[in-house]
Amino acid sequence: MEEQEVVSGENKALRSLNADVETHVNFINQSKQSARAWWLDYSGHPVSYGDIRTNGLLRMDTFLTHPWVFRASRNGAKLLANQQDVYMPTAATEYEEDGKPKFLNVVIATPVYSLQECCLMLIRNLVEEEDYGRLDIPESLKTDLRQQPDLLKELGLINRLRIGVLT
């Protein structure tokens, strides 16, 4: 994907804007799989902050204008953060006794996938890609199987939705 596709749209593209207001979060992975945390940098490019194991936690100092997305580490499937595709940090509202802000809990969870998405993920796990053509299924499903989850394409779609290109 070209950089321009991610950052176009009169600054409406999903990206970090500044580092003015700090906040603190605990990303808690309650999905049944390891989750990869992605921060979107100032150009809108995803930067990996590593994997969070199931029931694990990633403690992060971040900023209010820094978007985060999460994907399954193994297959790139979409995960949700506080029921959102993209997590935008919020300001701390509670403080410790010493005056420091408390870390906000952000729950990483598996969305409700369609039956087709579930089946495609299962087949991808069980069948090697070079064997997709040998499966006794419609060609359209073989095509869908070959289209692996792609974070950059998904971010491009989110950006087009944000700037109103898609209705």
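Two residues are in contact when heavy atoms of theirs lie within 4.5 Å. The structure to which this is applied is a predicted model, in which local features need pLDDT of at least 70 and side-chain atom pairs count only at pLDDT 80 or more, while totals for chains, interfaces and linings use all residues. Residues are numbered from 1 along each chain as its sequence is written, and side-chain values use heavy atoms, with hydrogens and water left out.

Along the sequence the order is α-β-β-β-β-β-β-β-α-α-α. Taken along the principal axes, the C-alpha atoms fill a box of roughly 65 × 40 × 25 Å. Of the contacts between residues at least 6 apart in sequence, 66% join residues at least 24 apart.

The accessible surface comes to about 10,100 Å², as given by the Shrake-Rupley method with a 1.4 Å probe, where for residues only the protein chains shown count as cover. Carbon and sulfur atoms account for 50% of that surface. A residue is called buried under 20% relative accessible area, exposed over 50%, and partly exposed in between, with a 1.4 Å probe and protein chains only. Buried residues make up 37% of the 167 residues.

His66 sits in the loop between strand E4 (57–63) and strand E5 (68–72). His66 counts as buried because its relative accessibility is 5%. Leaving out residues up to four places away in sequence, His66 touches Ser16, Asn18, Ala19, Trp39, Tyr42, Tyr87, Met88 and Pro89.

The loop between strand E6 (78–81) and strand E7 (104–109) holds Glu97. With a relative accessible area of 87%, Glu97 is exposed. Glu97 and Asp131 are 34 residues apart in sequence, and their C-alpha atoms are 60 Å apart in space. Asn82 is also found in the loop between E6 and E7, and has a positive phi of about 50 degrees although it is not a glycine. At 36% relative accessibility, Asn82 is partly exposed. Gln83 belongs to the loop between E6 and E7 too; its phi is positive, about 65 degrees, and Gln83 is not a glycine either. Gln83 is exposed, at a relative accessible area of 58%.

In helix H3 (residues 139–146) lies Leu145. Leu145 is buried, its relative accessible area being 0%. Apart from neighbours within four places in sequence, Leu145 is in contact with Leu120, Ile123, Arg124, Tyr132, Leu135 and Ile137. The C-alpha atom of Leu145 is 23 Å from that of Val69, 76 residues away along the chain.

The largest pocket has a volume of about 430 Å³. A pocket here is an open set of points on a 1 Å grid over the protein atoms alone, where a 1.4 Å probe fits, with protein on both sides within 12 Å along at least five of seven lines; lining residues have an atom within 4 Å of a point. The volume is the space filled by probe spheres set on the points, which are joined across faces, edges and corners. There are 17 lining residues, and Glu117, Arg124, Gln147, Pro149 and Glu154 lie nearest the pocket centre. Helix H2 (115–126) and helix H4 (151–162) each supply at least two lining residues. H2 gives the largest share, five residues.

Note on methods:
Helices (H or I, at least four residues) and strands (E, at least two) are DSSP runs, numbered from the N terminus.
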